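Here is a briefing on one protein chain. Keep the sequence and the 3D view open while reading.

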Amino acid sequence: MKKTKIILNLIGLKCPEPIMVIRKTIRKIKKHETILVISDDPSTKRDIPYFCKFMKHQLIEYFIHIKPYRYILKKGIN
């Protein structure tokens with residue numbers, strides 16, 4: 001099964017804009033597709049994991065030790 005990876009460059013956007021863009025984008029993709037999110041907003045370290053848990057998506061990987069932060073999200077739990 002082929003999976004599409006979308007890259008969202010959210011550098012320069014501040015809370016709550018990154019989550020709003022992620023939510024809008026994830027609504028448009030199919031279940032199990034992935035999104036790579038790139039952000040420099042420190043609030044994403046808290047907001048993205050919470051968003052994934054609350055909206056039942058998977059946070060596959062995250063790299064938050066240096067900017068820009070990178071997150072790989074997968075739509076849907078299973």
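Pro68 sits in the loop between S3 and S4. A cis peptide bond joins Lys67 to Pro68, with omega about 0°. The model is predicted, so side-chain atom pairs count only at pLDDT 80 or more. The points below move from the backbone to the helices, the core and the cysteines.

**Backbone exceptions**

- Most peptide bonds are trans, and most residues other than glycine have a negative phi.
- The bond from Cys15 to Pro16 is also cis, with omega near 10°.
- Pro16 belongs to the loop between S1 and H1.
- His32 is not a glycine, yet its phi is positive, at about 80°. His32 is placed in the loop between H1 and S2.
- Lys56 follows H2 and has a positive phi near 65°. Lys56 is likewise a residue other than glycine.
- Lys56 lies in the loop between H2 and S3. Its relative accessible area is 56%, which is over the 50% cut-off, so Lys56 is exposed.

**Hairpin S3–S4**

- S3 and S4 form a hairpin, with five residues between the two strands.
- The strands run antiparallel and are joined by five bridges.
- Leu59 stands opposite Leu73 of S4.
- Ile60 is part of strand S3. At 42% relative accessibility, Ile60 counts as partly exposed.
- In a regular strand, side chains alternate between the two faces of the sheet.
- Beyond its neighbours within four places in sequence, Ile60 is in contact with Ile72 and Lys74.
- Ile60 and Ile19 are 41 residues apart along the chain, and their C-alpha atoms are separated by 17 Å.

**Helix H1**

- H1 has twelve residues. From first C-alpha to last it reaches 17 Å, close to the expected 16 Å.
- Its buried residues are Pro18, Ile19, Ile22, Thr25 and Ile26. They cover an arc of only 135° around the axis, so they are on the same side of H1.
- The face turned away from that buried side carries the exposed residues Met20, Lys24, Arg27 and Lys28.
- The buried residues of H1 pack against S1, S2, H2 and S4.
- Thr25 lies in this helix and is buried, with a relative accessible area of 15%.
- Which residues does Thr25 touch, not counting those up to four places away in sequence? They are Ile6, Leu8 and Ile35.

**Helix H2**

- H2 covers residues 44-55, twelve in number. It reaches 15 Å from its first C-alpha to its last, close to the expected 16 Å.
- Thr44, Asp47, Ile48, Phe51 and Cys52 are the buried residues of H2. Their arc around the axis is only 125°, which puts them on the same side of H2.
- Arg46, Tyr50, Lys53 and Phe54 are exposed, on the face turned away from the buried side.
- The buried residues of H2 pack against helix H1 and strands S2, S3 and S4.

**Nonpolar core**

- The largest nonpolar core has 14 residues. Ile22, Val37, Ile48, Phe51 and Leu73 have the most contacts inside it.
- H1, S2, H2 and S4 each supply at least two residues of this core.
- Ile22 is also one of the buried residues of H1, while Ile48 and Phe51 are among those of H2.
- Val37 touches Leu8, Leu10, Ile22, Ile48, Tyr69, Arg70, Tyr71 and Leu73, leaving out residues up to four places away in sequence.
- Leu73 is in the list of residues with the most core contacts, and Leu59 stands opposite it.

**Cysteines**

- How many disulfides does the structure hold? The number is zero.
- Cys15 is in no disulfide, and its nearest cysteine sulfur is that of Cys52, 15 Å away.
- A disulfide needs the sulfur atoms within 2.5 Å.
- Cys15 is partly exposed, at 43% relative accessibility.
- Cys52 is buried, with a relative accessible area of 2%.

Notes: Residues are numbered from 1 along each chain as its sequence is written. This is a predicted model: local features need pLDDT of at least 70, side-chain atom pairs count only at pLDDT 80 or more; totals for chains, interfaces and linings use all residues. Side-chain values use heavy atoms; hydrogens and water are left out. Helices (H or I, at least four residues) and strands (E, at least two) are DSSP runs, numbered from the N terminus. The expected span of a helix is 1.5 Å times one less than its number of residues. Buried means under 20% relative accessible area, exposed over 50%, partly exposed in between (1.4 Å probe, protein chains only). The arc is that of the directions from the helix axis to the C-beta atoms. Contact means heavy atoms within 4.5 Å. A nonpolar core is a set of buried Ala, Val, Leu, Ile, Met, Phe, Trp, Tyr and Cys residues joined through side-chain atoms within 4.5 Å. Two strands pair if DSSP finds at least two bridges between them.
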